[in-house]
Amino acid sequence: MSLKLLLKRGALLAVANWQAVAIQFLAESTFQVLLAVPIFGAAILVAVAIGADLGDLLQGGLRDIVANITRALTSEPVALASFLAAFAIALAAGSALMCLVKGGTLDVLLAANDSAGPIESDPITFESVHSASQFNLTRFMNGCVRLFRPYLGLGLVLMCVYAISGAVYLACVVYGYRATEGVVSVIGWTFIAAVATILLILWITLVNLVYLLLQIAMAADNIGLSEAFGAVARFVRAEVSVLARMFLIILGLVVGATLVSALAWSGVGLIAFVPVVGLAVVPLQVVALILRGLAFEYIGLAAAGAYLTLYRRLPRSVERHDTDVMVAAAGNPAGPLGPAQTASPSGSSASGSGAV
């Protein structure tokens with residue numbers, strides 16, 4: 001199967017099971033709300049207790065807001081510890097929710113991939129897409145129950161990797177700041193910080209890819225975490241070229257969607273300066289956020305469908321080949337393949353010139 005057909009199949013599997021996209025979006029939104037509660041609470045606490053400006057504390061992205069609040073709370077150790085504890089609880093609860101929902105989503109994708117047939121090569125019709133629609137609440141909940149514990153353990157490993165990566169990044173930035181001296185100290189430290197940031201982004205992106213492949217392996221083969229590492233390693237060695245190209249294409253789609261959403265958000269923000277019409281900014285911003293979230297969840301689910309199709313292809317062909325060889329060996333004393341038999345690429349045996 002070509003790369004184009006793999007991506008097309010993943011996109012069609014995501015469209016056919018659009019309910020999973022919506023549930024993923026709701027879970028992601030809930031996760032963000034859970035993280036926002038302790039952040040806004042801490043911001044109000046800082047504004048009341050320390051007298052800091054609330055608008056300055058809530059400027060920038062999530063990491064900037066957390067950094068601003070942490071810096072403001074350094075003079076109040078008890079308040080800082082309470083904020084960090086509340087944020088950790090919200091992060092743990094949200095991560096557990098995402099692990100639960102991801103299990104049901106991948107279980108639905110597995111069923112869709114098995115029942116879809118060659119939809120990537122057939123004309124796109126309602127009937128062909130409907131054949132891949134395998135979402136129902138029973139299957140989704142069974143997948144959540146079946147995969148919650150292994151995914152929770154995998155999520156803990158991911159959090160540890162994130163923590164270690166962040167610690168290494170901070171160590172590189174601090175060491176670079178101390179190592180640079182003289183007139184070019186600022187330029188040298190800026191360069192080191194920029195290189196470290198780029199390497200961190202690339203590393204986190206690669207870690208997220210391995211995390212998704214581990215989830216697919218655990219769901220498809222019903223195996224534990226340690227076995228999943230070996231299965232993913234074999235899968236990457238066998239399909240490294242296709243995986244690399246698929247990853248670059250999906251990364252390009254994510255970057256493009258991010259730029260488009262940023263431009264759309266900027267355009268919506270300009271309406272706020274128009275008298276009377278500016279009242280429509282809030283609902284437009286809500287609609288833009290919903291569309292942005294659904295688009296990113298769809299891209300993620302389509303990517304998971306493409307990776308899942310590629311992962312299921314090789315193990316099944318190998319399994320069929322091994323089964324055919326054992327059956328032929330048991331039924332033919334002359335060997336696994338008889339004198340007039342040749343092995344076909346799919347692992348089955350064919351006779352003479354009539355092999356396909």
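A residue counts as buried when its relative accessible area is under 20%. Keep that cut-off in mind as we walk through this predicted model.

Let's start with S95, which sits in helix α5 (residues 77-116). Its relative accessibility is 15%, so S95 counts as buried. Which residues does S95 touch, leaving aside neighbours within four places in sequence? Its contacts are F31 and M159.

Side chains of opposite charge can pair when their charged atoms come close. The structure holds 3 salt bridges. In one of them, the side chains of D107 and R146 meet, at 2.6 Å from N to O. This pair links distant parts of the chain, with D107 in helix α5 and R146 in helix α7 (residues 137-179), 39 residues apart. D107 has 15% relative accessibility and therefore counts as buried, while R146, at 31%, counts as partly exposed.

Another salt bridge joins D114 and R312, at 3.2 Å from N to O. Here helix α5, which holds D114, is linked to helix α11, which holds R312, and the two residues are 198 residues apart. D114 is partly exposed, with a relative accessible area of 42%, whereas R312 counts as buried at 15%.

Now move to E120, which forms a salt bridge with R9; their closest N and O atoms are 2.6 Å apart. E120 lies in the loop between α5 and α6 (126-130), and R9 belongs to helix α1, 111 residues away. Both E120 and R9 are buried. Other buried residues of α1 include L3, L6 and L12. How far apart are the end C-alpha atoms of helix α1 (residues 3-16)? They are 20 Å apart, which agrees with the 20 Å that its 14 residues should span at 1.5 Å a residue.

Aromatic rings make pairs too, and a search of the whole structure finds 2 of them. F135 and F140 form a tilted pair, with 5.7 Å from centre to centre and 50° between the planes. The rings of F235 and Y311 have centres 5.2 Å apart and planes at 75°, so this pair is edge-to-face. F235 is in helix α9 (residues 225-238) and Y311 is in helix α11 (residues 281-331), 76 residues apart. F235 and Y311 are both buried.

Finally, turn to the surface. A nonpolar patch of about 570 Å² is made by F191, I192, V195, I198, L199 and L202. F191 lies in helix α8 (residues 185-221). Is F191 buried or exposed? At 59% relative accessibility, F191 counts as exposed.

Notes. Residues are numbered from 1 along each chain as its sequence is written. This is a predicted model: local features need pLDDT of at least 70, side-chain atom pairs count only at pLDDT 80 or more; totals for chains, interfaces and linings use all residues. Side-chain values use heavy atoms; hydrogens and water are left out. Rings of Phe, Tyr and Trp (its six-membered ring) pair if their centres lie within 6.5 Å; planes under 30 degrees apart count as stacked, over 60 as edge-to-face and the rest as tilted. Helices (H or I, at least four residues) and strands (E, at least two) are DSSP runs, numbered from the N terminus. Buried means under 20% relative accessible area, exposed over 50%, partly exposed in between (1.4 Å probe, protein chains only). Contact means heavy atoms within 4.5 Å. The expected span of a helix is 1.5 Å times one less than its number of residues. Patches are made of residues with over 30% relative accessible area and no salt bridge: like charges are joined within 9 Å, nonpolar side chains (Val, Leu, Ile, Met, Phe, Trp, Tyr) within 5 Å. Accessible areas come from the Shrake-Rupley method with a 1.4 Å probe; for residues, only the protein chains shown count as cover. A salt bridge is a side-chain nitrogen of Lys or Arg within 4 Å of a carboxyl oxygen of Asp or Glu.
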